[in-house]
Each structure stands twice: as C-alpha cells, then as structure tokens.
Amino acid sequence: MKTRARSEVDLPPEIAKNIAACIQCGSCTGSCGSSRKMDYTPRQLWRLVQSGMKEEIFNSGTFWLCSSCYLCTLRCPRGLPLTDTMAALKRAAMAQGWFKDKKSPFFYRAFLNTVRKYGRVREAEMMGRYFLALGDPGTPLSFTPLGVKLMVKGKIAPHIPSFGRQGKLDALYRKVKELEAAL
Amino acid sequence: MKYLYYPGCSLESTAKEYDISVRALMGALGSELVELDDWTCCGASAADASSYLLSLVLPARNLALAARSAQDADFLVPCSACYLNLLRADDQMNRSARTANAVNQALGEEGLSYAGGIRIRHLLDVLANDTGPERIAAAVKRALSGLSVAPYYGCQVFRPYRIFDDPERPRSMDALIRATGADVFDWQMGSKCCGAGLMTTKKELALELVADILEAAKGADCIATVCPMCQMNLEISQKKICRMRGRDLAISVLYLPQLIGFALGLPESGLRLDLNMALTESFQARLLQVQPAVN
C-alpha cells in the first residue's frame, strides 16, 4: 500500500459532514462493546473529527475496533450514520496507508483479493494471503489450532492457489476502480 | 412456498451445518428452496472498509442475478452479514439515482443491472412470519421439554435495518423456541455483539465480548443462533475463555434450524450436529433422552 506524505492527507469531507451535528452526548460510547479497548472513545473520536485533528484521528486505533454492530447508530439521538463513518475512516486510512497496526487493512485486502479471484471466500487461501502479507510467524501460529479444528470437521479444505488464472470478478473490480477514480 | 436461496460463503465452509439444516428444515416444512445460480460473495465487512462502491456492487450483483432469474419468490438469506449487505445495496440504490447509476455501470461489465424490487428476507423472518410457530408446534415429534434455550440474535439481523423485530428487545425467536417445547432463557445479551470479524484482527477484544455473552448465558442449556459469524465466535474459543475468566462457561451453541429440526424429528443427516464445535456431553446426553412422541 502506498503511503503519502501526511501533510497532503485530508479528512474526506463526507466524514466531517456526517459528524457535524454531534452533540457529544456519549450514547455511542455507552453503547459500544469495543470502547473498553479504544484509545479514544467513540464520543472523543467524533470531537476530534469536528476539530479536524487528523493526526490524532489516524494515529488512533479506535475505528479499527469497530465491529459494525450498529448499536451506536441505532441509539444516536441525532440520527447520525456513526457506523458508516467508522467505515469511512477505515477507507480513508487504507487509501492513505496511514495505520499503525497492519492486521485489519491486510486482512480486508486478502479477503477482497480472494473474492476477486474466485467470486467466493476460500478460507485457506485468504488466510494464507493474509499471513504472507503480515510476514509475522506469530499470527499464523495463533490460528493453527482453529485451522486444525475446522479441517478435522471438514469445514475448510487445504487449497492450492491457482496462479495467473483470470479472476472471476476481475472485470467488475476494474470497473469499480475506474468509476471511483472518476468521482 | 418457494424461496430463491442465497447461502453465502460461510454456509459452504465453516457453517455447512447451517446450510444443511436450513435446507432440511425448510423442506420438512413444505417450502421449496431454489439456489441462486452463480451467486458470489456479498463483500462482508471487508468491502465497506475498502471501497464504498465495491461494498454496494458485490451484493448488488446477486440482486441483479435474482432479478434476472425471474423467480416470483422472496430472496432467502440465512447469514445476517449477507442480509445486511443485500438490504444496504438495495436501500442505497433506491435512495440515490447517482449511486444506482454507478453500481449499474459496474454491473454492466457482466451484462447485469438492478432496478430494485427483490424482497430480501432473513431466515428468522421467514420462520417467524411465513412459517410461524403454530406450524412448527404442530410438526413437533421430539418435544424439547425442560430445555432452556438462550436466543442469540446478534447485530446485523436488526441493525441498522429494523425490518421485522425491535432491535433493542428482539423476541422473534421466543415463540419459535417455545413451539419446540423448550423454554426461553431470559437474558439481556441476545443482541449484543460477538465481535464479528474482530475475532481475526482484534482477537483479545473479541474474546472479551464473547466471554460477556457466555457469562450471561450461564444457567441456559444452550444458545441458539441465526448467523454463521455469531455461531463460530460463540463456539470456537470456549476453552480459552473459561481459562481467561477462571470459571466454567462451556455451553452448547447451535443454529436455530438445527434446534427446530431436531424437535421435528429430522434425521442427523439433516442436522449435522456432529459439525458443531461446542456441544457439551451433558447436552448431547439430554438430547438422546428426548423420546419421539407417540401418535
């Protein structure tokens, strides 16, 4: 993933717009199961967004801990699209290559590349791509017991990747990229 | 009744027993499932974290295929994440002509387009509202009397789209569970998050979320789920969670159609309880004690 100079990076305008009407009530933080592990609570993150403090925002791990449970969105008294904005922050961070922990962005990328190739998830290849991208032997080891359990049950099959083959969804992905560039 | 069926990727692998029990149960209840030809991944939560347009195009491709199939049938989806993504693509295209146009330009690469009109239904919605608890109760052959079942709904089946139940206090599973003869375990964690994909990327946090759910389920005989991600998160790390919290939190977790299917007397080939990762020995012994009703 390419990295741009941080001074060039801007907070996408949709993100600030989504949060403009936030009244800092904290219903989001109170509803969020992940907030216990966040460096900034959701409420604090939205304040940073309102203040345009992009350094603090993108250095924060907060939005990577969003599991898309939509409880904050359901309860926000202002009706703001909070979960969608967490996703928009993930997209902005991925596009800019601005993240401290590689796990989430590399996993999403491995997932989408596998789907591009086969049209459907192939767990073994997806996790292989993910581990390869991370280049850290500890992560695959931590998943070995799970992988073995799933294989014993016949739920995932060892899978030999087919290199060089035309991807099932290549045309669709290419067109999406082209359309996004034109936006 | 006929349904156009979208299993989704998990039901081909980690959630095979969900697919098998959905097909067997719906068949036993007299419904016909026609699997959508050439279906592809809905994008899960990965697409939305990467590209907004791709997060709509991936599910919309399946909606377009459903429309092209010209089956006059509702679109049945057992996975809550697929369900949300399909609803979201339909909703966003409906709200904005510009979005719909961009999605359709991409779909055009495969000669597809989507103009709305597909009725997307979650399995739970279909069981609660099309089939209904009365028909299930009438078909019960092995009543699960005395069994206490904790209904676990998870998040994305009711949030952000509240189609068929109250997302704060869901109860659509209650009557279905009672129809099997079992009791509904009264708890507050039925729609709290299991951590979903965080189990892969932020394991430490996801284990805490699951541990809270398992602690609250203490006292129930089993948990019933309606989503492959919830099911796997709740069942896969129980040993580790017991060590983490220093108490026995092991509990059986099964898919709702497995539970109902068992009560209906479906054979093991239609339930595949052998594929579940967390069925305690005492729970299995309990199931063996349930005798078929004489009638």
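What percentage of the 183 residues of chain A count as buried? I found 36%, with buried meaning 20 or more other C-beta atoms within 10 Å of a residue's own, exposed 12 or fewer, and partly exposed in between; the C-beta atoms are placed from the backbone.

**Basis.** I worked on a predicted model, where local features need pLDDT of at least 70 and side-chain atom pairs count only at pLDDT 80 or more, while totals for chains, interfaces and linings use all residues. Residues are numbered from 1 along each chain as its sequence is written, and chains are lettered from A and ligands numbered from 1 in the order in which they are written.

**Chain A, overall.** I listed the secondary structure of chain A and got 10 helices and zero strands. Here helices (H or I, at least four residues) and strands (E, at least two) are DSSP runs, numbered from the N terminus. Along the principal axes, the C-alpha atoms of chain A fill a box of roughly 50 × 40 × 30 Å. I then took the contacts in chain A with a separation of 6 or more, and residues 24 or more positions apart account for 62% of them. A contact means two C-beta atoms, placed from the backbone, within 7 Å.

**Chain A against chain B.** I counted 40 residues from chain A and 44 residues from chain B in the contact. On the side of chain A that touches chain B, the elements giving two or more residues are α5, α6 (82–96), α7 (103–118), α9 (138–152) and α10 (170–182). The largest share of that side, seven residues, comes from α7(A). Sorted by class, the side of chain A has 21 nonpolar, seven polar and 12 charged residues. For the classes, Ala, Val, Leu, Ile, Met, Phe, Trp, Tyr, Cys and Pro are nonpolar, Asp, Glu, Lys and Arg are charged, and the others, Gly among them, are polar.

**Helix α1 of chain B.** I checked the length of α1 (residues 16–28) of chain B: its 13 residues at 1.5 Å a residue should span 18 Å, and the end C-alpha atoms are 18 Å apart, which agrees. The expected span is 1.5 Å times one less than the number of residues. Among the buried residues of α1(B) are B:Tyr18, B:Ile20, B:Val22, B:Leu25 and B:Met26. The buried residues of α1(B) pack against β2 (32–35), α5 (123–131), α10 (228–236), β8 (252–255) and α12 of chain B. Just after α1(B), B:Gly30 has a positive phi of about 85°.

I noted a cis peptide bond between B:Arg159 and B:Pro160, with omega about 0°. B:Pro160 sits in the loop between β5 (148–151) and α7 (174–179) of chain B. A:Ser68 is not a glycine, yet its phi is positive, about 60°. A:Ser68 lies in the loop between α4 (54–59) and α5 (71–75) of chain A, and it counts as buried because it has 24 C-beta neighbours inside 10 Å. B:Arg272, also other than glycine, has a positive phi near 50°. B:Arg272 has 19 other C-beta atoms within 10 Å, so it is partly exposed.

**B:Ala206.** I placed B:Ala206 in helix α9 (residues 203–216) of chain B. B:Ala206 has 25 C-beta neighbours inside 10 Å and therefore counts as buried. Leaving out residues up to four places away in sequence, B:Ala206 touches B:Gly195, B:Leu198, B:Met199 and B:Asn233.
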